[in-house]
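Good morning, and thank you for making time on the agenda. I would ask you to keep the sequence and the structure in view while I speak.

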2 protein chains.
Amino acid sequence: MGSQLTIAQYVREHAAKVEQELGQAIPASWDIPGALRDAMQYSLMAGGKRLRPILVIAAAEALGGTIDAAMPIACAIEMIHTYSLIHDDLPAMDNDDLRRGKPTNHKVFGEAMAILAGDALLTQAFYQATQVLRIAPILPEQALKIIEELAILAGAMGMVGGQAADTLGEQGITRIEELDYIHRHKTGDIIVFSLRAGGRVANATDQQLLALENFGYKIGLAFQIQDDILDIIGDESKLGKPVKSDEKQQKVTYPYLLGIAPSQEKVRQLTEEAKSAIIAAGFINPERLLQLADYLVDRDS
Amino acid sequence: MGSQLTIAQYVREHAAKVEQELGQAIPASWDIPGALRDAMQYSLMAGGKRLRPILVIAAAEALGGTIDAAMPIACAIEMIHTYSLIHDDLPAMDNDDLRRGKPTNHKVFGEAMAILAGDALLTQAFYQATQVLRIAPILPEQALKIIEELAILAGAMGMVGGQAADTLGEQGITRIEELDYIHRHKTGDIIVFSLRAGGRVANATDQQLLALENFGYKIGLAFQIQDDILDIIGDESKLGKPVKSDEKQQKVTYPYLLGIAPSQEKVRQLTEEAKSAIIAAGFINPERLLQLADYLVDRDS
């Protein structure tokens, strides 16, 4: 299906399908306060590459699963990602006024509604996840496992823990180990969830799940380092955000600690290791995952 | 088991068991930032009557289920309740400095950590809920149903929606219908979840689940009206919070709209209707639920 598409086209097409689903995720028939609905929709439909949902879909497809079967989890993880951005942008956190060139949620709807919209999206992610059983050819035990992993990898031991470490460590981080903890949890864990859950949707074996996890942590870290490199050498107009912001905030990053060339080498190495893990695990249809590993770091924005 | 206990003793004993479980819910072995752990623990162990967990347990026991089988859901709903208090107390929301006589979460840990502790507790509630299958004698489909209902009743269509309506409506509410929407969702929905989930843990029939739901909305509203009555005529030292706060905030309440005596009559009537719903549905062991209906409104704090 669609294997003649370039990876950029594949990403665009799948992102469009995910957005179509997300656009229907808060039906007009729901009797909820209008401002809450608007605040949830605003950030959910504010664009972005939809990379995490695409990883869910690509992992399922690598095992012969369908995009439809992967869709409830794809939507769930985008809701988690979206809520985390809304809360991270709050004045008490990063205090950002703009996100992807648009005013942040609290700038439009006020802080109270932004907090509640985040809470609502986080909660609804779990609703979406329960819907996987209606579509995917899996046992209920497998659906429960997906939900359990979502709660672990998005919670205190996962994404929220990484965010907390980042918040606490601001300006105080001096070692790669601390930086790795933050990257692993703040960004890595929900990438790993996306891949493992996509695998589960298509009944992956334990060994395949481990390969997807390994792949996920490596591409997650590569992606993050690439982000930090682009912050130094990127083109502001392509990135859609100011460059050198890390430097101004005295943020400790890989390029800051290792230098730019060694960081670029680290990205290359992580990407190769990620691809090797997938190749070794014997997927039916691994091409898109392998292409995504390169796509994530071969970018200028 | 323990049927010789008064209802007050039953509530105290069960609250103690729930607290013991909650005290172990964030194990020391978890590799998470210390401040996040402390912030989560602080509010989770800050006391309170643990009424929602006790409703889970009483509903399960009414159908012959055990306290052990009910415990994962009992802990899950207390985490939801706790996160909602942390977020509601934030400066952007109710801006409260004290809760149950202690400084609120953000006063101790700062706003950023309070937001994250709330997010982490909300997420962990779903982890707890998945653990029901390890203990309760139910099918995985039933566990998924519990999680689905938790996501609905705690989310945009439930508790968060009620909170949003309350936030938006401040000073603008003039009609009983608007007040009922807020009560039904802000407090009613997670009471109803507690009862239905407790029922599911003990394999309730659909008819029994409906009776539990009916009971829940009625005792939830009775509890809320009683709260508003106590705010006017209660004893500050017993309540542990200032009285007449609603009046000062010009908050529209049942006693404000109907008067005190008609509100007291409404509480009595709702409690009787709630008990009738349970009596009609043929539970094995309904006594504790019936006693709890009275207990919730026969209180001075």
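Predicted model: local features only at pLDDT ≥ 70, side-chain atom pairs only at ≥ 80, totals over all residues.

The contact between the two chains draws 48 residues from chain B and 48 residues from chain A. Which three residues supply more than any other three of the area that chain B buries against chain A? They are Leu116(B), Thr123(B) and Leu144(B), which supply 14% of that area.

Between chain B and chain A the count of salt bridges is 2. In a salt bridge between the chains, the side chain of Arg134(B) meets that of Glu148(A), at 3.2 Å from N to O. In general terms, side chains of opposite charge can pair when their charged atoms come close. As for polar contacts between chain B and chain A, 6 residue pairs are counted, with both residues at pLDDT 80 or more.

Which helices form the side of chain B that touches chain A? At least two residues each come from helix 2 (34-44), helix 4 (67-89), helix 6 (111-130), helix 7 (132-135), helix 8 (140-154) and helix 9 (159-169) of chain B. Helix 6 of chain B gives the most, with 12 residues. Sorted by class, this side of chain B comprises 34 nonpolar, 8 polar and 6 charged residues.

I shall stay with helix 8 of chain B for a moment, as Gln142(B) lies there. Apart from residues up to four places away in sequence, Gln142(B) touches Arg200(B) and Asn203(B). With Arg200(B) there is a polar contact between the two side chains, at 2.6 Å.

Next, the salt bridges of the whole structure. Over all chains, the structure holds 32 of them. One of these joins the side chains of Glu213(A) and Arg196(A), at 2.8 Å from N to O. This pair links distant parts of the chain, with Glu213(A) in helix 11 (residues 206-233) of chain A and Arg196(A) in helix 10 (residues 176-201) of chain A, 17 residues apart.

Finally, helix packing within each chain. Two packed helices are described by the angle between their axes and the distance between the axes. In chain A, the axes of helix 3 (residues 51-62) and helix 16 (residues 287-297) come within 9 Å and cross at roughly 155 degrees. Why are helix 3 and helix 16 of chain A described as roughly antiparallel? Angles over 145 degrees count as roughly antiparallel, so these two helices of chain A qualify. Helix 3 of chain A contributes residues including Leu51(A), Ile54(A) and Leu55(A), and helix 16 of chain A contributes residues including Arg288(A), Leu289(A) and Tyr295(A). By class, this contact in chain A has 10 nonpolar, no polar and 1 charged residues.

In chain B, the axes of helix 3 (residues 51-62) and helix 16 (residues 287-297) come within 9 Å, crossing at roughly 155 degrees. Helix 3 of chain B is therefore roughly antiparallel to helix 16 of chain B. Among the residues that meet there are Ala58(B), Ala59(B) and Ala62(B) of helix 3 and Leu292(B) and Leu296(B) of helix 16. The residues of this contact in chain B divide into 10 nonpolar, no polar and 1 charged.

Conventions: Residues numbered from 1 in each chain as written. Chains lettered and ligands numbered in written order. Heavy atoms only, no water. Contact = heavy atoms within 4.5 Å. Buried area = accessible area lost by both parts, 1.4 Å probe. Salt bridge = Lys/Arg side-chain N within 4 Å of Asp/Glu carboxyl O. Polar contact = N/O pair within 3.5 Å; in protein donor to acceptor, adjacent residues only side chain to side chain. Helix = DSSP H or I, 4+ residues; strand = E, 2+ residues; numbered from the N terminus. Nonpolar A, V, L, I, M, F, W, Y, C, P; charged D, E, K, R; others polar. Axes fitted to C-alpha atoms, helices over the stretch in contact; angles between N-to-C directions. Parallel < 35°, antiparallel > 145°, perpendicular 65-115°, else oblique.
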